[in-house]
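Have the structure open while you read.

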Amino acid sequence: MNEEHERLRQKARLIHERLLDTYGQPERQRLDPVSELVCTILSQNTNDLNRDVAYAALRARFPSWEAVRDAPVEDVIEAIRPAGLANQKGPRIQAALHAITAERGRLDLGFLADLPVEEAKAWLTRLNGVGPKTAAIILLFSLDRPAFPVDTHVHRVTGRLGLIGPRVTAEQAHDLLEELIPPQDYYAFHLNLIRHGRLVCKAGRPRCELCAIREYCDYYQRSTIPNGLSTEVKETERR
Ligand code: SF4
């Protein structure tokens with residue numbers, strides 16, 4: 001392990017500890033892996049509230065995932081409309097449920113708990129519409145496997161912090177961040193980064209003046225001017 005890698009590991013650890021101090025230890029909420037897969041497809045390009053309404057509607061309308069799989073697609077689309085992009089997500093959910101059944105003979109992803117994690121990722125990403133983020137969410141959230149999901153918030157915040165380079169894609173960031181963080185911290189670090197990205201390190205203008213981890217942040221250090229205030233902060237104060 002080279003010096004730079006060790007420096008980044010230390011930095012990630014400090015950031016993780018500060019985020020825990022700030023936001024606390026996230027509560028674990030566990031769905032079975034098939035439910036998590038459906039939930040993650042529903043969450044694409046929408047917020048948590050709309051996702052949850054659509055997920056609840058789907059569960060209320062159909063007694064099982066087999067029933068969702070075998071229903072007329074129009075019925076699935078109708079149920080998940082609150083999530084948006086229902087015309088894409090409905091067929092995508094059914095295709096994934098059909099693919100699992102075809103490969104495994106039944107709708108069950110529990111076998112992924114016993115595969116080496118790289119094989120489990122490869123299996124999931126062979127399903128149409130399942131990329132590295134969705135695969136990692138299913139493995140980490142449902143099966144407690146060491147996979148680190150990188151969504152848009154995690155990608156943006158870790159990029160600004162300098163844990164990943166400026167040209168690293170979200171897809172590439174999965175493997176890089178897994179090497180910086182101990183597996184037992186993946187869950188809390190992932191969720192606290194998302195929380196930080198939503199509340200403080202926002203997509204448009206980050207609220208650095210409120211940020212608990214700015215002392216570790218490359219973006220903040222770059223924008224710091226001699227009197228100790230960042231140009232971002234000055235901008236904020238002028239508004
Ligand atoms: S200092 Fe600013 S850019 Fe850096 S993590 Fe905090 S809010 Fe984001």
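## S142 and its surroundings

S142 touches R30, L31, D32, P33, E36 and I137, leaving out residues up to four places away in sequence; contact here means heavy atoms within 4.5 Å. S142 sits in helix α8, where helices (H or I, at least four residues) and strands (E, at least two) are DSSP runs numbered from the N terminus. At 7% relative accessibility, S142 counts as buried; buried means under 20% relative accessible area, exposed over 50%, and partly exposed in between, with a 1.4 Å probe and protein chains only. The side chain of S142 also reaches the backbone oxygen of L31 at 2.8 Å.

A word on the ground rules: this is a predicted model, in which local features need pLDDT of at least 70 and side-chain atom pairs count only at pLDDT 80 or more, while totals for chains, interfaces and linings use all residues. Residues are numbered from 1 along each chain as its sequence is written, and side-chain values use heavy atoms, with hydrogens and water left out.

## The largest pocket

Now for the spaces. Rolling a probe the size of a water molecule over the atoms shows where empty space is left. The search uses a 1 Å grid over the protein atoms alone: a cavity is a set of points where a 1.4 Å probe fits but cannot get out, a pocket is an open set with protein on both sides within 12 Å along at least five of seven lines, and lining residues have an atom within 4 Å of a point. Grid points are joined across faces, edges and corners, and a volume is the space filled by probe spheres set on the points.

The largest pocket holds about 1000 Å³ of space. Its lining runs to 38 residues, with D48, R51, F141, I194 and R198 closest to the centre. Helices α2 (33–43), α3 (48–61), α8 (132–143), α9 (152–161), α10 (170–180) and α11 (186–199) each put in at least two residues, and α11 gives the most, with seven. By class, that lining has 13 nonpolar, 14 polar and eleven charged residues; Ala, Val, Leu, Ile, Met, Phe, Trp, Tyr, Cys and Pro count as nonpolar, Asp, Glu, Lys and Arg as charged, and the others, Gly among them, as polar. Domain 1 (3–27 + 150–210) and domain 2 (33–143) both give residues to the lining, so the largest pocket lies between them; the domain bounds come from an automatic or database assignment.

## R51, up close

R51, one of the residues closest to the centre of the largest pocket, lies in helix α3. Is R51 buried or exposed? At 19% relative accessibility, R51 counts as buried. Its side chain makes a 2.9 Å polar contact with that of D52; such a contact is a pair of N or O atoms within 3.5 Å, where within protein one must be able to donate a hydrogen and the other to accept it, and residues adjacent in sequence count only if both atoms are side-chain atoms. Setting aside neighbours within four places in sequence, R51 is in contact with C39, L42, S43 and T46. R51 and I41 are ten residues apart in sequence and 9.1 Å apart in space, C-alpha to C-alpha.

## The second largest pocket

The second largest pocket has a volume of about 150 Å³. Among the residues lining it are E118, K121, F148, H174 and D175. Helix α10 gives the most, with four residues, and the lining as a whole has four nonpolar, two polar and five charged residues. At least three residues come from each of domain 1 and domain 2.

## Two cavities and H196

The whole structure has two cavities of 30 Å³ or more. The largest is about 90 Å³ and is lined by 14 residues, with H196, C201, C208, C211 and C217 nearest its centre. Ten of its lining residues are nonpolar, one is polar and three are charged. H196 belongs to helix α11 and is buried, with a relative accessible area of 2%. The side chains of H196 and Y23 make a polar contact of 2.8 Å.

The second largest cavity has a volume of about 30 Å³. Helix α1 (residues 3–23) supplies the largest share of its lining, three residues. Other parts of that lining include L180, I181 and F189.
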